[in-house]
Amino acid sequence: MDDRDDPGRAAGDDEFPAPVDPVIEDPRWMDVDLPGEAARACAAALRHLGLEPGEWEISLLACDDARIATLNADFRAKSRPTNVLSWPSSERGAGMPGAQPDLPHPGDDPELGDIAIAYDTCAAEARAAGVPFTRHLRHLLVHATLHLLGYDHETDPDAELMERTEVAILATLGDPDPYRP
C-alpha cells in the first residue's frame, strides 16, 4: 500500500508542535518524514490526555533491527528485534489495574523519556497487515508515548485501557482502529 493513499495524512496536518527530538541512525527513515509523523502522533497522544505538546519533550531514536535487538537485549534480556521500545523518565503507572496513570503536570520535568523504533520490523509489520507504513508508524509512536505516560498492557484491564486510548487518539489523526481486521 502506497503512503500517498494514507487517509491519515490530511492536508494541513503538518502544523503540530514538535515535542519529539529525533536522532536518525538508519537512513531509510529519511524517506518517511519521521520528524513530521512523530510530531503528529506524539502531539495527538499528549493533546488527547489534556497535555500541551509544546510543554513536553520526547527523545526518539530511529534505528534498524540490529540496533533495537541490542537495546532489547540490554534492557529487557530479550536478544531479538522488536518494533518499538520506550523508557519513561519517571514512574507514572496507575495504582490499580485498569486505572488512569498519574500524568505529569505543568512545571514537572518536561522530559517524558526515550523511544527507539526499528525500521525493519515496522516495515515488515505494516506489509503483513496491509496498511500504509506511516499509519503503522503513527500507531507505534502513539503506543510508545502512552508507555512514557505510564500506560502498560501487563494486565487485561491495563491492556483494555491502553488499547481504547490508542484507538481514540488514532481516530483524531484519521486512522482506523489498528486492532480490527
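The lining of the second largest pocket holds seven nonpolar, two polar and five charged residues. Here Ala, Val, Leu, Ile, Met, Phe, Trp, Tyr, Cys and Pro count as nonpolar, Asp, Glu, Lys and Arg as charged, and the others, Gly among them, as polar. Before we go on, please note that this is a predicted model, in which local features need pLDDT of at least 70 and side-chain atom pairs count only at pLDDT 80 or more, while totals for chains, interfaces and linings use all residues. Residues are numbered from 1 along each chain as its sequence is written, and side-chain values use heavy atoms, with hydrogens and water left out.

**The two pockets**

A pocket is an open set of points on a 1 Å grid over the protein atoms alone, where a 1.4 Å probe fits, with protein on both sides within 12 Å along at least five of seven lines; its lining residues have an atom within 4 Å of a point. Grid points are joined across faces, edges and corners, and a volume is the space filled by probe spheres set on the points. Helices (H or I, at least four residues) and strands (E, at least two) are DSSP runs, numbered from the N terminus.

| Largest | about 520 Å³ | Arg 76, Ser 86, His 147, His 153 and Glu 154 |

In the largest pocket, α2 (65-76), β3 (84-88) and α4 (133-148) are the elements that give two or more residues to the lining. The largest share, five residues, comes from β3. By class, this lining has eight nonpolar, 10 polar and six charged residues. For the second largest pocket, α3 (119-129) and α4 each supply at least two lining residues, and α4 gives the most, with three.

Buried means under 20% relative accessible area, exposed over 50%, and partly exposed in between (1.4 Å probe, protein chains only). Strands pair if DSSP finds at least two bridges between them. Strand β1 (residues 20-24) runs parallel to β2 and is joined to it by five bridges, with Val 23 opposite Leu 61 in β2.

α1 is mostly covered, with 12 of its 15 residues buried, including Glu 37, Arg 40 and Cys 42. Its span from first C-alpha to last is 21 Å, close to the 21 Å expected, where the expected span is 1.5 Å times one less than the number of residues.

Most residues other than glycine have a negative phi. Asp 33, in the loop between β1 and α1, has a positive phi of about 50° and is partly exposed at 34% relative accessibility. Ala 77, in the loop between α2 and β3, has a phi near 55° and is exposed, with a relative accessible area of 72%.
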